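Thanks for making the time this morning; I would like to walk you through a few local features, taking them one at a time. Please have the viewer open while I talk.

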Amino acid sequence: MKNNLAKLSSLVLLAGLLSLYACEKFLPNEPEENEVLDGPMEGLSYAQTRLFLEGDEAFSEVFTPEKGLGAYFVTSSCFSCHSGDGKGHPSTTLTRFGRWENGQFDPLTHLGGGQLQNRAIAGFEAEVIPSEANGIAKFTPPAVTGLGLLAAVTDATLLDVADPDDMDGNGISGRVNYIEPPDFFSPLEWNIPDEEGRYIGRFGKKAAAIDLLHQTVNAYNQDMGITSDFDMNDPINYAVSSQQTDLIPDPEISAATGQSVVFYLRTLKAPIPRDESDANVQLGKQLFMDIDCGKCHIPTLKTGISDITVLSEVEFHPYTDLLLHNMGEELNDNYTEGLAEAAEWRTPPLWGLGLSPDAQGGEFFLMHDGRATSIEEAILLHGGEASNSRTYYQELSTSDKEALISFLKSL
Amino acid sequence: MKPIFILLLLSMTSQWLAAQDVDTLNLTNKDAVYQRPFIYEEQRSNLSAAVGGYLEANTNYFSTDGISEGYSMEMRRFNIFLYSTIKERIKFISELEFGHGTEEIELETALMDFELHPSLIFRAGILLVPIGYFNQNQDSPKWEFIDRPLVSTNLIPSTYSDVGLGLHGTIPIRDFSFTYETYLINGLQEGIITNEENRTFLRAGKGEERFGEDNNGSPAFTTRLALNKRKFGEIGISGYIGNYNIFKKDGLPIDEKRSLLIGALDYNFSIKKVKFLGEIAYIKADIPSDVGQNFGNTQWGFHTDLIYPFWQGKLFSWQNIILNASLRFEYLDYNVGKFRDTDSNISDHLYSIMPSIGLRFSPNTLLRMSYRYQWDTDLFGNPPAKTAGFQFGFASYF
């Protein structure tokens, strides 16, 4: 009996000790801060952190038909396309279409354009690209980290960086895209409209969204078929009928929900570089600047004054100028938005590039439609204004190429 | 007029039969509430119904990728059983579950068995659907682990009860017993592809209205066949087939008929002192391609438990205490297939390992402690989310 009791006591004691020890050793470790994209910016107040978490919850909400999903849609939650707040997988790619005729681009809105809703709730048929479309582009969802900093760069800064007429003669002529603002757009003090009342776009592959609310409302509507106080019309499949098929009362999300997602996007931390002190990475960084990649992928930008302290007058390193550049015929999908030419694409930020595979199933799917499956392939697809940089890259030694790619992976 | 006449006749006949049975001819209508068998049986000092149940509660401390919500306590279930032998070979049983206090209240069983012969019993009512082993055998005090097997909850949607009718029975063959169950039930519904899990998820197909009516007027069929060898164990195969969607409304076709098939193999046997217990489930669903690739047509998974009683004896004046050491392995693939866009495998799977220690005071009562480590890989095959944690709890019949 005593022997049994001792045996049992030892076991219980061992289990208890293991439980205590477990907190240290038996639970999974938190990854290093620079190994993941999600998480809030440092320095948020308690109240701001609460708002961030509310927005995180809304960002992760999965919509069902009962909540207003669709009837035609692309995805059922923000998180589905921006897994871990990173880039999207090819299976989440958006398709946009329109028609060029007599030099004018028609987004074919009367036929369900410009975005295809390639999924439908059960019992309905997904939209198909109408035969009238002759311009079709696919857009891989971008990473959403650090967007608050990009949103806080003033229009004046962008106009200052732009060189639409290539006055410096370096063959690179970034320009801003001017976009017709939606009804709900409220300009900030530093927003600078053009003569026709259009505002500078900075988000999206063609820089067609003026600010994060614009981007968010469009995503809810065109990606998920969710109406909001800002946009009360569900996407329509004109092949079925011009009538809205979703019978869920509108709006399906409130303005507060939309704004909470915007707050979340604004306060997501920027990607943190890794291995910065590595000699190869430092060499790669130098080469990046030497072969003029940094002319469009500008390393550093600075925000203006912001209502959120941590976003106010901050220098940061996104490796983008947020401007449109002609990328050559190979990347011309005969599709456009706003004033962009079909071959013009907004410079994507390179920060977080090295962590892309952690959101894309272990592989790279780069460029606007994910057609490049490696960084090198992406570099070699750069044409147009980036042709010289591509040539310089091709002329680098193998070790220099590796150094450059190491640097890009460290971002 | 005709239906009313029939109803009246039936009502009068049943009242007459009841009256004959209970000798209540002298009771007035006002006393109808007392014209219930359990009351007059009690007055005759005969127990007409037995009450039982079980309860379980536990603590949780889990962490996912280093982030924990901390320590919490959970009152999982308080279930009440009612049983009655109404007449020789006519039985009634019911189970009412209170999950998380009163957060989820569900009638899991309310059925009657009419035994024509031990090999031929007619069953009708709300019954536990015989898919796999766990769904009909899910009382917490029977299990060495605090968490239920994931294959039994996230693939087979346990606890899955449905309204239905059918036959079951036991046929002895020498040292063996062959058992069968076969029922028609209302079946799972469209929630399997319209849910917040964002994947094919049978658990979400348990529409609340299933106890009231079939969503598509097309009952599902379910069956389990098992062979049991005395003092060794049991092996069973089971299946479910039915249409889950609404394909006709007001007589008009509104969709294709979409089928759902579930197959399961379960086993439960002992070799020397080690007990092996588990089930394998395979699901094939006709999913419209337009709802998206995240809704898989095919799912499968399994769990296997190993239970070893490594100490038995007297403890603090309790006799026959048994200490069991157990280990559970689990794997689930929610979406078997490849992405159309990349031809790469769709992931959406998980692995889990769970050691546990259970201190059994009797076959009906135990204290237990479990540790779980689980790897969840998302649809795209990104690095898995790692979750681990400890649980301590108890479960007991009463």
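In this predicted model, the side chain of A:T303 has a polar atom that lies 2.9 Å from the backbone nitrogen of A:E313, and the side chain of A:T303 also reaches the backbone oxygen of A:L311, at 2.7 Å. A:T303 sits in the loop between strand 9 (301-302) and strand 10 (315-316) of chain A, and with a relative accessible area of 4% A:T303 is buried. Leaving aside residues up to four places away in sequence, A:T303 touches a set of residues that includes A:L149, A:A152, A:V153 and A:F316.

Staying in chain A, let me turn to a pair of helices. Helix 8 (residues 279-290) of chain A packs against helix 11 (residues 398-410) of chain A at an angle of about 100 degrees, the axes being 7 Å apart, and the two helices are therefore roughly perpendicular to each other. Among the residues making that contact are A:L283, A:L287 and A:F288 from helix 8 of chain A, and A:L404, A:F407 and A:L408 from helix 11 of chain A; by class, the contact has 8 nonpolar, 4 polar and 3 charged residues.

Finally, chain B. Strand 12 (residues 259-271) of chain B runs antiparallel to strand 9 (residues 233-243) of chain B, joined by 11 bridges, with B:I235 standing opposite B:Y267. Strand 12 of chain B is also joined by 12 bridges to strand 13 (residues 274-285) of chain B, again antiparallel, and there B:D266 has B:E279 as its bridge partner. The hairpin of strands 12 and 13 of chain B has 2 residues between the strands, and in it B:K272 takes a positive phi near 55 degrees.

Technical notes
Residues numbered from 1 in each chain as written. Chains lettered and ligands numbered in written order. Predicted model: local features only at pLDDT ≥ 70, side-chain atom pairs only at ≥ 80, totals over all residues. Heavy atoms only, no water. Axes fitted to C-alpha atoms, helices over the stretch in contact; angles between N-to-C directions. Helix = DSSP H or I, 4+ residues; strand = E, 2+ residues; numbered from the N terminus. Parallel < 35°, antiparallel > 145°, perpendicular 65-115°, else oblique. Contact = heavy atoms within 4.5 Å. Nonpolar A, V, L, I, M, F, W, Y, C, P; charged D, E, K, R; others polar. Pairing = 2+ DSSP bridges. Buried < 20%, exposed > 50% of the residue type's maximum accessible area, 1.4 Å probe, protein only. Polar contact = N/O pair within 3.5 Å; in protein donor to acceptor, adjacent residues only side chain to side chain.
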